[in-house]
Amino acid sequence: MLFRSFRFVAGDADSSSETRLLRTAAQRSLRPEIRRRAAALASAPDSAFSLHPDGCLHWRDALVAQLQQGPSARAPRLVLLGSDLLDGAPRIDVEKRLNAWLATHLARALAPLDRLNAHGLNGAARGIAFQLNESLGMLSRPQVAEQISNLSHSERKALRGRGVQFGSHAIFVPALLKARATATRAQLWAVHHNLSPLPAPLPMGRVSVDVDPERPLGYYFAAGYLVFGTRAIRVDMVERLAATMANRARKGPVPLAAELWALVGCNRDSFEDVLLGIGFRRHDTDAGPTFVPVR
């Protein structure tokens with residue numbers, strides 16, 4: 001007979017009737033231990049809990065719950081695991097503590113989004129802030145082009161004051177591009193879209209990564225990356241490249257240069273897809289290819 005977390009495991013019972021007898025005995029004999037464990041979990045500090053990349057929540061070394069789809073990507077729900085011996089008030093206390101931990105965890109990782117919920121935003125600015133919250137901190141610029149065109153100077157300033165950056169390709173919150181926030185955003189998106197198993201986290205601190213064809217493109221977007229061909233590039237670096245190319249293009253066609261593809265962590269072969277994706281077209285010359293803006 002095994003006792004894991006709040007669950008009884010029959011082990012090598014010979015028959016279903018023997019399993020039932022063992023379970024009945026366990027219900028009687030283990031109830032005091034269940035109450036003790038539930039009380040210990042309910043009073044445990046935040047440091048006793050950890051959320052793993054697979055969406056499983058552990059208390060100490062015990063698996064106790066798992067993230068599942070909730071009403072929005074920002075609001076997943078926790079489902080208790082291994083809790084067949086846990087009921088009544090102890091179960092309520094455990095669920096309350098786990099949900100409180102999850103709320104704290106998400107508030108810390110996604111704190112920049114909470115600034116968008118502050119009072120003082122109106123009209124189009126409020127709509128953009130709402131959509132940024134729903135999409136975990138990034139919007140494709142074409143997706144909200146009309147709303148952006150309707151922003152007044154003061155509304156645009158108010159959004160910038162809350163950490164929003166208006167790029168030429170995306171509207172995003174740069175503070176959410178830090179490693180912890182990036183991993184959390186991707187995990188929440190994957191949970192909300194019922195990916196199973198959850199994808200392994202993207203490499204931390206990378207400005208670009210190879211695109212895995214097994215991962216939905218939305219997963220990269222949720223993590224703050226834009227996809228160009230076989231390469232996903234962090235949105236702030238896409239915007240930096242776009243600005244650099246625009247400045248150089250004022251003087252004429254832009255030749256390829258190693259410092260340009262190094263800026264976005266690409267090699268020469270994949271870089272042309274990026275340039276095409278940000279609005280440039282190839283112009284061949286005797287000296288080699290150059291790129292000019294698409295008019």
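Modeller: Buried means under 20% relative accessible area, exposed means over 50%, and partly exposed lies in between, with a 1.4 Å probe and protein chains only. This is a predicted model, in which local features need pLDDT of at least 70 and side-chain atom pairs count only at pLDDT 80 or more, while totals for chains, interfaces and linings use all residues. Residues are numbered from 1 along each chain as its sequence is written, and side-chain values use heavy atoms, leaving out hydrogens and water.

Biologist: How many aromatic pairs does the structure hold?

Modeller: A pair of aromatic rings is described by the distance of the centres and the angle of the planes. Rings of Phe, Tyr and Trp (its six-membered ring) pair if their centres lie within 6.5 Å; planes under 30 degrees apart are stacked, over 60 edge-to-face, and the rest tilted. The structure holds three such pairs. One of them joins Tyr219 and Tyr220, edge-to-face, at 6.2 Å centre to centre with 85° between the planes. Tyr219 is buried because its relative accessible area is 2%, and Tyr220 is buried because its value is 0%.

Biologist: Which residues of helix 8 are buried?

Modeller: Helices (H or I, at least four residues) and strands (E, at least two) are DSSP runs, numbered from the N terminus. Helix 8 covers residues 179-192, and eleven of its 14 residues are buried. Among them are Ala181, Leu188, Trp189 and Val191. Just after helix 8, Asn194 takes a positive phi of about 55°.

Biologist: Which residues form the covered face of strand 6, and which the uncovered one?

Modeller: In a regular strand the side chains alternate between the two faces of the sheet. In strand 6 (residues 75-80), Pro76, Leu78 and Leu80 form the covered face, whereas Ala75, Arg77 and Val79 form the uncovered one.

Biologist: How many bridges pair strand 5 with strand 6?

Modeller: Two strands pair if DSSP finds at least two bridges between them. Strand 5 (residues 62-72) pairs with strand 6 in the antiparallel sense over five bridges. Gln68 stands opposite Arg77 of strand 6, and a hairpin of two residues joins strand 5 to strand 6.

Definitions and conventions
Expected span 1.5 Å × (residues − 1).
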